[in-house]
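Please read them with the structure open.

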Amino acid sequence: MEPFPACQTSGQWTAHQSTSALAVYYKSLALKDVPGPFVTRYSKIPLLYQTITLNRTRYIHDLHQKYGPLVRLAPDEISLNHPPSVGPIYNYEKTHFYNAFEAYGAKNMFSTPDRAHHSGRRKHLGGEYTKQYMLKPENLTVIYDRVRQMVNNIVPDEPKDVFYLFNYLAQDVISGFFFGNQNGSHLLQGQDTEVFDAWHMRRQTFHWWAELPNFTKMLHSTGIANLIPGWADATKGEEIINDMTHKWMDNCDQEKAHLLTKLNQTGMSREEISAEVMDHMGAGHETTGTTLTFMIDHLSKNPAQQKKLHKELMTVDLNDFNAVDKLPYLHGVVLETLRLYSSIPASEPRIVPDGGVTLLDKFIPPHTVISAQPYSMHRQEEYFDRCLDFIPERWLEPTAKAKTAWMAFGKGTRGCIGQNIAMVTIKVAVSHLYKTFESMKPAVLSEKEDMDFKDYYMITPKNDTCTVVFRKAD
Ligand code: HEM
């Protein structure tokens, strides 16, 4: 097979990154008709500050509340919160933001801006991520085996930190899927658990790498980075993840390792394969783990919804996934969780192409950075009645408007390739939990318990913990 096309960067974004005074002045004119705080005509500093202090998503949401569906965030950046206009922008090219997802010095499907490079990888791996492929018995087994291990980790009537539990589950599922059922991680069985902390250590510098890559590189090369609290840990976290990924890659039968075997057939270098693998390990576990965490926290505080789910689950054999998949209330609970607790609620930046675009009667010049954020898209009364309320029933017969606005898995050609594995894992896990147990929050919560979210692009509970008590259901 021919090697994949090499990654070509378009060079578009380098032009709009110029920061001379004259350039700032001209840029301030370009978006002057787009509403937004006056200072954002001249400076990106307010946006950078909000991003680095982990408040970006809420800040942009507040701006939309104040200024409407089109908001200027910086002299060359806007946010859009108008569902009918959002679809097309997600086929525009990605920005340099995604360089932060490179690993081993190589680009992967998620990070590459280059269309040919991206579509080559997506086509090559896409077949294994289809629902049809997921539903083959040998693939469903990967999920069912690990969900049973997860249930075995639960001791009835004792407090359980489900944030750990669901991240372990999701990591074990995605690595079992990638490397073969017996291979990859076995966190639920107490092995390789240091990788869980490593992911969380690593993300502490994520926004710096994404927003200020050259400055961050300079802080590292001069050793200053090691003096900043948490930064040495972030580097250590990255090393642990790199070593662990290589361990999983090397300790499996290269001919029978599902997705790894497919990558081995491509002629890609070891660094490129490792970068691809590591990205799927990260994207595939934190998102699913966080979704399950917020869902079980919500249900533990809402016994009536839990009871309704339990009643529905009593009508099916859990081993028949097709039947589980068709349960309407379960489906509604999952979609509603992904709406109100999107594990990636943040903007996914793209670049307006040559020629520019007109949006809501405003001309947006070429090379403007543009994005929409699920957090705001999902909180619009015009698209979701009682938009702040968790109503699984809204998905029994969803309106066309709701379908247009829902974007937990992104949109367009770069939308989530892993959504089928995520949906199947979540449904198998939740169905096993609520057919067997009921759940509630402990009477006394630890001081660390805070379900406000920490905004690292992907989110987690504020202090990376969420405690629930499971009790055998009647
Ligand atoms: C609840 C779970 C998940 C959520 C909410 C989620 C969300 C997303 C979103 C919003 C995007 C689009 C990013 C963009 O537009 O730039 C995306 C892309 C992606 N996701 Fe997921 N994801 C989930 C699970 C997974 C899983 C299980 C995998 C497994 C490998 C995965 C792998 C990827 C990859 C590789 C991409 C990049 C696709 C491309 O560029 O073509 N995700 N995901």
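The points below go from confidence to the ligand, the cores, the strands and a few single residues.

1. Confidence. This is a predicted model. The protein chain averages a pLDDT of 93, and 96% of the residues score at least 70. Residues 1-17 are the stretch to treat apart: pLDDT is below 50 there. In the model this stretch still has 34 contacts beyond near neighbours in sequence.

2. Ligand shell. The ligand is surrounded by 24 residues. Gly 284, Thr 287, Gly 410, Cys 416 and Gly 418 are the closest. By class, the shell has 11 nonpolar, nine polar and four charged residues.

3. Helices at the ligand. Which helix gives the most to the shell around the ligand? It is α15, with seven residues. Both α15 (270-300) and α21 (419-436) supply at least two residues each.

4. Main core. The largest nonpolar core has 94 residues. Ile 78, Leu 80, Leu 169, Leu 260 and Ala 429 touch the most other members. Helix α9 (residues 162-179) gives the most to this core, with 12 residues. In soluble globular proteins, nonpolar side chains tend to be buried together.

5. Leu 169. Look at the surroundings of this residue. Leaving aside neighbours within four places in sequence, Leu 169 contacts Arg 146, Val 147, Met 150, Leu 188 and Ala 429. Ala 429 is itself among the core members that touch the most others.

6. Second core. A separate core of five residues also exists. Its members include Ile 344, Phe 453, Met 458 and Ile 459.

7. Hairpin. Strands β10 (residues 453-456) and β11 (residues 458-461) form a hairpin with one residue between them. Their pairing is antiparallel, over four bridges. Lys 454 has Thr 460 in β11 as its bridge partner. Tyr 457, in the turn, has a positive phi of about 70 degrees.

8. Faces of β10. Which side chains of β10 are buried? Phe 453 and Asp 455 are, and they point to one face.

9. Five-stranded sheet. The sheet is open, with the order β1-β2-β8-β5-β3 and mixed pairing. Its edge strands are β1 (70-74) and β3 (93-94), each pairing on one side only. Inside the sheet, β5 (residues 350-351) and β8 (residues 369-371) are antiparallel over two bridges. Arg 350 stands opposite Ile 370 in β8.

10. Most residues other than glycine have a negative phi. Asp 157 has a positive phi of about 70 degrees. His 367 also has a positive value, near 75 degrees. Both deserve a look.

11. Asp 157 lies in the loop between α8 (137-152) and β4 (159-161). Asp 157 counts as exposed because 8 other C-beta atoms lie within 10 Å. His 367 sits in the loop between β7 (362-364) and β8. His 367 counts as buried because 20 other C-beta atoms lie within 10 Å, and 20 or more is the cut-off for buried.

12. Gln 265. Is Gln 265 buried or exposed? It is exposed, since 9 other C-beta atoms lie within 10 Å. Gln 265 is in the loop between α14 (258-264) and α15. Gly 68 is 197 residues from Gln 265 in sequence and 49 Å away in space, C-alpha to C-alpha.

Methods: Residues are numbered from 1 along each chain as its sequence is written. This is a predicted model: local features need pLDDT of at least 70, side-chain atom pairs count only at pLDDT 80 or more; totals for chains, interfaces and linings use all residues. A residue is near a molecule or strand if its C-beta atom, placed from the backbone, lies within 6 Å of it. Ala, Val, Leu, Ile, Met, Phe, Trp, Tyr, Cys and Pro count as nonpolar, Asp, Glu, Lys and Arg as charged, and the others, Gly among them, as polar. A nonpolar core is a set of buried Ala, Val, Leu, Ile, Met, Phe, Trp, Tyr and Cys residues joined through C-beta atoms within 7 Å. A residue is buried if 20 or more other C-beta atoms lie within 10 Å of its own, exposed if 12 or fewer, and partly exposed in between; C-beta atoms are placed from the backbone. Two residues are in contact if their C-beta atoms, placed from the backbone, lie within 7 Å. pLDDT is the predictor's confidence in each residue, from 0 to 100. Two strands pair if DSSP finds at least two bridges between them.
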